[in-house]
Amino acid sequence: MVAVIVIVAIVVVIALWAVLTYNGLVSRRARVDESWSGIDVQLKRRHDLIPNLVETVKGYASHEKETLQNVIAARNSAVAAQDAGTPAAAGAAEGLLNGALRQVFALSEAYPDLKANQNFLDLQGQLADTEDKISASRRIYNGNVRDYNTKIQQLPSNIIAGIGHFTVREFFEIEEPSERANVAVSFS
Amino acid sequence: MTSTISPAVPLAATLDEPVLRTVFTAAPKDLSVPEDVGAIFSHRMKSLGGGNHGAYVWGSVALAVVGVILGLAVAPGLFAIAGIVAVVWIVVAFYQHSQASGDFFSCYSGARGLQQDDGNINADIPLFDKGDKRKWDNVMKGPVAGHPARLGHYTYTIVTRDSEGNRSESDHDFTVLAFRLPAEVAARFRGVSLAPNGMSFGKLGDKLSSDRAVKLESNEFESRYNLRVVDEQDDIALYELFNPAFLQHLATELKVFWEQRGEDLVFWHKGHEDEAADLDKFCQHGAYVLQRYLEEYR
């Protein structure tokens with residue numbers, strides 16, 4: 001009789017642990033999804049600012065077609081990558097967009113009237129603010145991914161993670177190809 | 001208070017005059033202060049022992065010491081006399097220490113452009129809700145980093161009774177520096193608390209606290225601090241406040257704890273600081289963090 005009670009108690013404890021662990025993993029996964037949607041909001045805000053920026057620059061530097069076309073193309077790729085929903089694709093596309101935007105802002109150095117244009121300055125400020133928020137959102141998302149990935153790989157919660165088909169999630173990194181290139185230094 | 005920063009407070013290890021003037025913007029020309037309460041106390045006691053009173057004062061101290069020792073061994077009457085003299089000296093020492101404390105804070109406030117104040121430091125933060133009794137001492141008010149601030153000593157007392165009805169009290173001492181944030185800044189930061197790792201003001205810790213814990217990316221930061229925010233805190237604003245550079249400063253150069261609820265931003269340090277250098281550093285670190293809050297206002 002005592003043995004039966006002990007066995008039942010052990011089973012109950014294990015079941016309770018399994019339920020709590022499963023719920024904890026679900027909760028962590030939901031936090032990852034929620035924080036990804038936070039990044040989504042900021043990326044969308046950034047993408048929505050770009051057409052206005054292009055129109056403003058066109059008014060002063062209409063013949064800089066290649067630069068403006070590049071940024072539009074990069075923006076459209078970023079929107080498509082965002083719709084696809086994978087952090088790796090979105091990160092790569094946003095990296096390319098960063099590079100294209102940098103070229104647009106460099107234009108203002110050659111066009112003083114553009115540099116002094118209030119609409120251009122406002123857009124520049126809003127884009128800078130959005131980038132700060134993307135950076136903060138990215139840290140929040142990556143922190144949640146770290147917690148989630150750690151939990152599903154650690155013993156003994158990885159047992160429940162395997163049974164419940166919880167899979168590792170990707171981190172979100174924005175990388176510009178130019179950042180990985182070797183820097184040419186000349187002392188001549 | 002405006003949301004601009006003027007002037008910028010540097011995070012310098014040495015608080016020389018230029019740095020002190022960025023912290024205490026209304027400080028007079030002469031920034032010199034006694035080192036601490038102890039220095040004034042020693043001076044007061046020495047001045048009692050000097051001049052024409054010297055022989056009588058030191059003679060009676062020696063008599064009290066010798067009398068207690070001999071009286072215990074040989075003559076109870078002598079012990080009683082010596083005991084009375086010793087008690088008188090203890091009372092004198094307590095009185096001189098209390099006067100020295102008043103003198104120190106009077107000097108300190110004058111040399112830092114602050115004014116002594118009899119009032120409390122009112123702020124709607126959990127720390128000021130603790131305990132069964134609360135009191136304020138040595139409160140000073142004035143500009144710190146160009147913003148109105150209140151600096152002082154805070155003590156909360158917990159009164160307990162055992163099963164036999166015996167009452168006991170335990171005091172918890174703090175030095176606090178309080179600012180009021182502009183409404184637009186407070187709208188972004190609803191409630192942030194940074195405490196030493198492992199410390200919890202709540203009796204039942206995390207489980208029943210209405211705040212939530214936040215883990216940031218720095219292991220060094222996590223080993224030093226416990227960061228908690230109110231549920232309605234905007235995480236993006238929080239991560240912008242705790243940017244990587246600020247995290248690095250908190251993990252290495254700064255040692256600062258605070259509670260912020262709405263417009264109330266209060267820095268705290270355990271114990272009643274009574275050394276000028278420690279008070280200066282405490283205000284410098286508080287001003288630096290205040291700057292961070294104001295920088296993140298958009």
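Helices and strands here are DSSP runs, counted from the N terminus. I am working on a predicted model.

**Entry 1: B:Gln233**

I looked up where B:Gln233 lies.

Is B:Gln233 buried or exposed? The relative accessible area of B:Gln233 is 4%, and the cut-off for buried is under 20%, so I put B:Gln233 down as buried.

I then listed its contacts, leaving out neighbours within four places in sequence. B:Gln233 touches B:Arg188, B:Phe189, B:Arg190, B:Gly191 and B:Val192, and also B:Arg212 and B:Leu238.

I also took a distance to B:Ser109. B:Ser109 and B:Gln233 are separated by 124 residues in sequence, and their C-alpha atoms are 36 Å apart.

**Entry 2: the two domains of chain B**

I checked the domain assignment next. For chain B it gives domain 1 as 17–113 and domain 2 as 120–297. Domain 1 of chain B puts 19 residues into the contact, and domain 2 of chain B puts in 17 residues.

How much area is buried between domain 1 and domain 2 of chain B? I read about 1,300 Å², with 66% of it from carbon and sulfur atoms. On the domain 1 side, the residues that lose the most area to domain 2 of chain B are B:Val23, B:Phe105 and B:Tyr108, which together make up 41% of what that side buries.

I looked for charged pairs between these domains and noted one salt bridge. B:Arg112 and B:Asp280 form a salt bridge through their side chains, at 2.9 Å from N to O.

I sorted the domain 1 side by element. Helix 1 (17–23) and helix 4 (76–111) of chain B each give at least two residues to the side of domain 1 that touches domain 2. Helix 4 of chain B gives the most to that side, five residues. By class, I noted 11 nonpolar, five polar and three charged residues on the domain 1 side.

**Entry 3: chain A against chain B**

I turned to the contact between the chains. Here nine residues of chain A meet 13 residues of chain B. The area buried between chain A and chain B is about 920 Å², and carbon and sulfur atoms account for 50% of it. In chain A, the residues losing the most area to chain B are A:Arg139, A:Ile140 and A:Arg146, together 58% of what that side buries.

I noted two salt bridges across the interface of chain A and chain B. I also noted three residue pairs in polar contact between these chains, both residues at pLDDT 80 or more. Helix 5 (residues 118–153) of chain A gives the most to the chain A side, with eight residues. That side has five charged, two polar and two nonpolar residues.

**Entry 4: A:Arg139**

I followed up A:Arg139, which sits in helix 5 of chain A. A:Arg139 has 11% relative accessibility, against a cut-off of under 20%, and therefore counts as buried.

Which residues does A:Arg139 contact, leaving aside neighbours within four places in sequence? I listed B:Glu217, B:Tyr239, B:Phe242, B:Asn243, B:Pro244 and B:Leu247. With B:Glu217, A:Arg139 makes a salt bridge, the closest N and O atoms lying 2.5 Å apart. At B:Tyr239, the side chain of A:Arg139 reaches the backbone oxygen at 2.7 Å.

Note on methods
Residues are numbered from 1 along each chain as its sequence is written. Chains are lettered from A and ligands numbered from 1 in the order in which they are written. This is a predicted model: local features need pLDDT of at least 70, side-chain atom pairs count only at pLDDT 80 or more; totals for chains, interfaces and linings use all residues. Side-chain values use heavy atoms; hydrogens and water are left out. Domain bounds come from an automatic or database domain assignment. Contact means heavy atoms within 4.5 Å. Buried area is the accessible area (1.4 Å probe) that two parts lose on being put together, summed over both. A salt bridge is a side-chain nitrogen of Lys or Arg within 4 Å of a carboxyl oxygen of Asp or Glu. Helices (H or I, at least four residues) and strands (E, at least two) are DSSP runs, numbered from the N terminus. Ala, Val, Leu, Ile, Met, Phe, Trp, Tyr, Cys and Pro count as nonpolar, Asp, Glu, Lys and Arg as charged, and the others, Gly among them, as polar. A polar contact is a pair of N or O atoms within 3.5 Å; within protein, one must be able to donate a hydrogen and the other to accept it, and residues adjacent in sequence count only if both atoms are side-chain atoms. Buried means under 20% relative accessible area, exposed over 50%, partly exposed in between (1.4 Å probe, protein chains only).
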